[in-house]
Amino acid sequence: MFDGVPGWPVVLADGPVLLRPYRRSDATAWSEVRRANERWLAPWESTPVGRWEELNSPSAFRYVHRDQRRSARRGESMPFAVCLREHGRERFVGHLNIGNIVRRAFCSGYVGYWVDARVAGRGVIPTAMALAVDHAFTAGGLHRVEVNIRPENKPSRRVVEKLAFREESYHPRYMHIAGAWRDHIGYALTSEEVAAEGGLLARWHRLHAAAS
């Protein structure tokens with residue numbers, strides 16, 4: 001089904017953090033987490049057309065999942081469900097996507113992510129990001145990844161700063177969020193910047209251990 005798409009589908013893991021493609025059966029868990037985190041997530045996401053509860057219902061997930069599969073099948077994205085494995089069970093806690101993938105002479109993509117506030121601060125998303133970026137730089141065939149974050153979004157900025165992404169740009173009025181065009185800070189990383197360290201996951205483990 002995904003013949004010819006570099007590095008996809010794939011399951012990635014480090015410790016309790018698991019990244020995998022979405023399943024249709026994720027609808028209920030996805031909806032519960034999204035609805036429970038409206039205050040945590042809504043200020044940072046593109047301006048919605050509709051009520052949060054409706055846009056994040058189990059039935060809405062069918063359309064989200066369909067669009068994810070279509071994009072992944074075309075090689076334009078790598079959408080991951082972020083899960084925690086605890087007490088022998090798998091718990092859905094967030095999302096990470098490498099999207100807008102352009103290949104040929106560019107070989108680049110944009111990373112977006114969110115996590116359940118109930119597990120924020122536990123290193124879940126930095127670990128997920130490191131896993132996904134290492135995969136993108138190897139089996140995924142990418143050379144560069146970018147992350148664009150609103151200046152006010154300190155939790156999201158901490159993720160890329162913990163991983164020592166390079167801050168490289170400022171984008172005025174970059175995206176329409178919460179009813180207005182919002183500025184974003186651009187961060188980036190190329191494969192050469194982490195190759196000597198054994199990859200981004202190895203860098204994350206080293207930096208995390210040094211900070212502990």
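Select Ser57 first: leaving aside residues up to four places away in sequence, Ser57 touches Trp30, Ser31 and Arg35 (contact means heavy atoms within 4.5 Å). The model is predicted: local features need pLDDT of at least 70 and side-chain atom pairs pLDDT 80 or more, while totals for chains, interfaces and linings use all residues. Residues are numbered from 1 along each chain as its sequence is written, and side-chain values use heavy atoms, without hydrogens and water.

Stay on Ser57, in the loop between H3 and H4. Helices (H or I, at least four residues) and strands (E, at least two) are DSSP runs numbered from the N terminus. Ser57 counts as buried because its relative accessibility is 9%; buried means under 20% relative accessible area with a 1.4 Å probe, protein chains only.

Next, select helix H1, residues 27-36, whose buried residues are Ala27, Trp30, Ser31, Val33 and Arg34. They pack against helices H2 (38-41), H3 (52-55) and H4 (58-73), and against strands E4 (89-102) and E5 (108-115).

Then show helix H5 (residues 124-137) with helix H8 (residues 200-211): their axes come within 7 Å and cross at roughly 155°. Axes are lines fitted to C-alpha atoms over the stretch in contact, with angles from 0 to 180 degrees between N-to-C directions. H5 is therefore roughly antiparallel to H8, a term for angles over 145 degrees. To see the contact, select Pro126, Thr127, Met129, Ala130, Leu131, Val133 and Asp134 of H5 together with Leu200, Leu201 and Trp204 of H8.

Notes
Buried < 20%, exposed > 50% of the residue type's maximum accessible area, 1.4 Å probe, protein only. Parallel < 35°, antiparallel > 145°, perpendicular 65-115°, else oblique.
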